[in-house]
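Hi,

Here is the structure I promised to pass on. Have a look at it first, then read my notes below.

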Amino acid sequence: MSERSERKPQPQGATTGHEWDGIHELNTPLPRWWLWLFYATIAWSAGYWVVYPSWPLISSYTNGAFGWHARGAVANDLAALKTQRSAMTARLETTPLADIESNPQLLDFARALGRAAFADNCAPCHGSGGGGARGYPNLTDDDWLWGGKLVDIEQTIRHGARSSDDKGRQGTMPAFGRDGMLKRDDIIAVANYVRSLSGLSTAPGADLKFGAKVFADNCAVCHGPDGKGNRTLGAANLTDKIWLYAPDTQTIIDGIWNGRGGVMPAWGTKLDDVTIKALTVYVHTFGGGEK
Amino acid sequence: MCPGCASAIAMEAATPPHGQPPLAGLIDEAKRPLTGPPPPQLDDPDGDMPLYAARRKIYPLRVHGTYRRIKWIVLFVTLGIYYLLPFVRWDRGPNAPDQAVLIDFATRRFYFFFIEIWPQEVYYLTGLLIVAAMALFLMNAVAGRVWCGYLCPQTVWTDLFQTIERWTEGDRREHILRDRQPWNADRLARAGVKHFLWLMVAWWTGGAWVLYFADAPTLVKDLATFQAPLVAYGFIGILTFTTYTLAGLMREQVCVYMCPWPRIQAALTDEYALNVTYRYNRGEPRASLKKAASLHEHGEPAGDCIDCLQCVHVCPTGVDIRGGPNLGCIQCGLCIDACDAVMAKIGRPARLIAYDTELNIQALQQGSEPAYRIIRMRTLLYAAIIVAVGGIMTYTFATRRNDGISVIHDRNPVFVRLSDGAIRNAYTVRILNKNLETQTFVLKVAGLSSASVEVIGSDARRGSDPAIDVGPDQTREVRVLVTTHQALDPDASIPLSFIIVPDGGGSAASAVDHFLGP
């Protein structure tokens, strides 16, 4: 390279005149066509001012010549998507809830629709896969506070639990301790008794007979004489292995003392019927759905 | 008009196109010194050439002979296949298209006669590309740029376009003279007809292309009635434009400037590859017939080449093959035909230009044995790779399954405790059915002794195992629940096999996942 440039000195005036330590900057103009292309792109860019909303004004902005708006474009896309899905959506709408799962095509569609709606609306509390969290029921197991049949799930989604909806699920665990209904010792005794219902260990020296009496007097109204719960009131089954909060004595005492009353919003006002139907099928097919 | 063209025409015009016997014309022409700028040298040692050189328009002369005949046959066969193949039918039954060759993007299938390829099997394409590359290398090692000269679409379409050009605007001489005239009605009409025919061919080329992607007869009807999808018209438009531009206007420039293959070729070739070669041991020193006669009288040597330039005039890339191996030479062999014709006319032996090697010519010049070696390391190696890859592909294709299964474990929650204390894991199972009819698969899960398996949305059973229907040429995704009452070790992770067996017998396909516990 160097040999060649020594052999071929550049003609006079071929540099820009810039010089650093004896090194001259060659002036190599752009090819003419490239330059014109560059000007053409500048001219082309002016078209965007005309076609799209662009210049800010005092209180608004210039509208594009064709009324294009990003928000409108999104709305169009959503409408197009709705149209594209309309055939399947209509089938889902007209098929009775009980018949959806026996139709593979409809089941796939409902689950796909449900998966997206679940991720958007339900996942913050119930987890992305419906696994729940402390205080937020796990939807993949076979234990249901308000019922696990399709119609039960649909009603809970549509009207919520302890929500502002009149048709919502109602039923509250009272704050037995805080409101002075039970003494401290009663509560400790009944907590131990509750643990014993599902075969968990109890504190040494705990008076289970006394606990059973306290349970029969105060808790059996809702949770049933045998502690198996009551779905009409959302009273949990205390004899199974599933705990909405935690099975340790302290958590149980906390629940009895302060009461419980987790709220599920009524989604009927936010989601359309097809989405609720799809969500119902999606939750029902997590694995714990009842026939 | 560029100076190059002008001087080429000036040179041509010195010989009247008619009225002289062709041979005399050729010899007269050979006497004239070559004027005008030299052809662009691609390997200028000084590196002083300008970065841009104006194109010298090439007017290839019509030629007859062995290689021209081969090129015609190849042209008809390859273009025939290209234009007509989409219309070939192949009955696959009611659940698959009946087009022999179809790239079905909508349903993501590729059909080739009895072969059907699913998207996850595109590795067959990889194998095909390896075989294709090796076949190119092998061709190159045996006989140089056979691909460039005969098979390359650029060559084939350029050939077709040049034929149309000769037919409308005349052969070399007539065309050069016509180009020198002002734009009169005749010239305009001929150019108009030429460009119209070019566009028609280009349009048909684009039209044939889209037929490979949809049912051809239906698409033809839809295209004609403007019912076809916009993308079809778009692609026809694009390919019409590229065909017209590349084959009609750019031609040899594609080979010389754009195509990477000549460069790869230069790196791959060796001294034993048979290339279109001017046998300078026979041809030099060049002398016209008269001059050769007088040289012979004085006992001086004269070669067989009479410098008639026919080899240059027929060349579609404007190369002088007598200058030795050249990047611009696509090795189509048309100069061999041209030279043979001249040699026959002047009564000298044919094949002054032939498929030969530099090494052989040197050997002949030194009086030693001809040096041909077709069988050598690289040809053997290329052939071995072709056989090996082809063999592997054939084997895998012949033994490939018509079904398959894949499993994904639920990520959240990884396990579920049921009210009776049982542990359940949920899986997404996808079953592939490549058969062209509905197939029922029996799903077995092995690895847990006392597990119950449930498929959401499918109650059918064969014994205690769930049975799943999968439609023809489809996949089906199902949610599978595996539940066990077995006592598990803490943090258990038990390997599970998901096995599907076609109902009614057949070999099993399986996939592996894990059963996780608390």
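Domain bounds here come from an automatic or database domain assignment. For chain A, that assignment gives domain 1 (53–94), domain 2 (98–167 + 264–284) and domain 3 (184–258). Before you go on: this is a predicted model, where local features need pLDDT of at least 70, side-chain atom pairs count only at pLDDT 80 or more, and totals for chains, interfaces and linings use all residues. Residues are numbered from 1 along each chain as its sequence is written, while chains are lettered from A and ligands numbered from 1 in the order in which they are written.

In chain A, the C-alpha centres of domain 2 and domain 3 are 29 Å apart. Ten residues of domain 2 of chain A are in contact with nine of domain 3 of chain A (C-beta atoms, placed from the backbone, within 7 Å).

Now the helices, which are DSSP runs (H or I, at least four residues), numbered from the N terminus. How do H3(A) and H10(A) cross? The axes of H3 (residues 70–94) and H10 (residues 273–284) of chain A come within 10 Å and cross at roughly 75°; axes are lines fitted to C-alpha atoms, for helices over the stretch in contact, with angles from 0 to 180 degrees between N-to-C directions. H3(A) and H10(A) are therefore roughly perpendicular (65 to 115 degrees). Thr89(A), Leu92(A) and Glu93(A) of H3(A) meet Asp273(A), Val274(A), Lys277(A) and Ala278(A) of H10(A).

Finally, 20 residues of chain A are in contact with 18 of chain B.

Cheers

Key: Two residues are in contact if their C-beta atoms, placed from the backbone, lie within 7 Å. Helices (H or I, at least four residues) and strands (E, at least two) are DSSP runs, numbered from the N terminus. Angles under 35 degrees count as roughly parallel, over 145 as roughly antiparallel, 65 to 115 as roughly perpendicular and the rest as oblique.
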